[in-house]
Amino acid sequence: MQTSTPGRAVFAPVWAALLAALLLIGLLLAYDAVLRQAIRQGEQRRVAAAAQLDGQWRCRTLRGRSAVDGCLRQLAAAASTDATSSVVLVGH
C-alpha cells in the first residue's frame with residue numbers, strides 16, 4: 001500500500017518557484033550590469049568627443065596654416081592612440 005505524503009505535493013512547486021525567483025534575480029542583476037556598462041561607455045565616448053572638439057578648436061585658433069595642420073595631426077595621432085588603448089582595455 002502506497003501512501004502519499006501531503007507535504008510532498010506542495011514541496012515540489014515551492015522549489016520550482018524558488019528556483020524561478022533566483023533565476024529571475026540573476027537575470028535582472030546581469031541586465032543591470034550590462035546597462036551600467038553601456039552607460040559608462042556612453043559617458044566615456046561623450047567626454048572623448050568633447051575633448052576632441054575642444055582640441056580641434058584650440059588648433060584652429062593658432063596662427064599659420066602649418067601650425068594648424070601640425071596641431072591637428074598631433075591631435076589625430078593622440079586620438080588614435082587613445083582609441084587603441086581603450087579597445088585593449090575593453091577587451092580585458
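Over which residues does pLDDT stay under 50? The stretch is residues 88-92, for which the model has one contact beyond four places in sequence. Here pLDDT is the predictor's confidence in each residue, from 0 to 100. Contact means heavy atoms within 4.5 Å. Across the chain, pLDDT averages 84. A score of at least 70 is reached by 77% of the residues.

The structure is a predicted model, in which local features need pLDDT of at least 70, side-chain atom pairs count only at pLDDT 80 or more, and totals for chains, interfaces and linings use all residues. Residues are numbered from 1 along each chain as its sequence is written, and side-chain values use heavy atoms, with hydrogens and water left out.

The chain holds two helices and zero strands. Both terms refer to DSSP runs, numbered from the N terminus: helices are H or I runs of at least four residues, and strands are E runs of at least two. Helix H1 covers residues 6-60. Helix H2 covers residues 65-91.

The chain has 92 residues, of which 7% count as buried. Buried means under 20% relative accessible area, exposed means over 50%, and partly exposed lies in between (1.4 Å probe, protein chains only). The accessible surface of the chain comes to about 8100 Å². Carbon and sulfur atoms account for 67% of that surface. Accessible areas come from the Shrake-Rupley method with a 1.4 Å probe; for residues, only the protein chains shown count as cover.

One disulfide is found in the model. A disulfide is a pair of cysteine sulfur atoms within 2.5 Å. The partners are Cys 59 and Cys 71, with sulfur atoms 1.9 Å apart. This pair links distant parts of the chain. Cys 59 lies in helix H1 and Cys 71 in helix H2, twelve residues apart. The torsion about their S-S bond is about -65°, so the disulfide is left-handed. Both Cys 59 and Cys 71 are buried.

A second pair of positions was examined by C-alpha distance. Ala 51 and Ala 79 are 28 residues apart along the chain, and their C-alpha atoms are separated by 9.6 Å. Ala 51 is found in helix H1. At 47% relative accessibility, Ala 51 is partly exposed.

Charged pairs come next. Side chains of opposite charge can pair when their charged atoms come close. A salt bridge is a side-chain nitrogen of Lys or Arg within 4 Å of a carboxyl oxygen of Asp or Glu. The whole structure contains four salt bridges.

One of these joins Arg 36 to Asp 32, at 3.0 Å from N to O. Both residues lie in helix H1, four residues apart, or about one turn of the helix. Arg 36 is exposed, at 52% relative accessible area. Asp 32 is partly exposed, at 32%.

Another salt bridge connects Arg 58 with Asp 54. Their closest N and O atoms are 3.1 Å apart. Arg 58 and Asp 54 both sit in helix H1, four residues apart, about one turn of the helix. Arg 58 counts as exposed because its relative accessibility is 51%. Asp 54, at 34%, is partly exposed.

In helix H2, Asp 69 and Arg 65 are four residues apart and therefore separated by about one helical turn. Their side chains meet in a salt bridge, at 3.7 Å from N to O. Asp 69 has 26% relative accessibility and is partly exposed. Arg 65 is exposed, with a relative accessible area of 62%.

The surface also carries a nonpolar patch. Val 14, Trp 15 and Leu 18 form this patch, with about 300 Å² of accessible area together. Patches are made of residues with over 30% relative accessible area and no salt bridge; like charges are joined within 9 Å, and nonpolar side chains (Val, Leu, Ile, Met, Phe, Trp, Tyr) within 5 Å. Val 14 belongs to helix H1. Val 14 counts as partly exposed because its relative accessibility is 42%.
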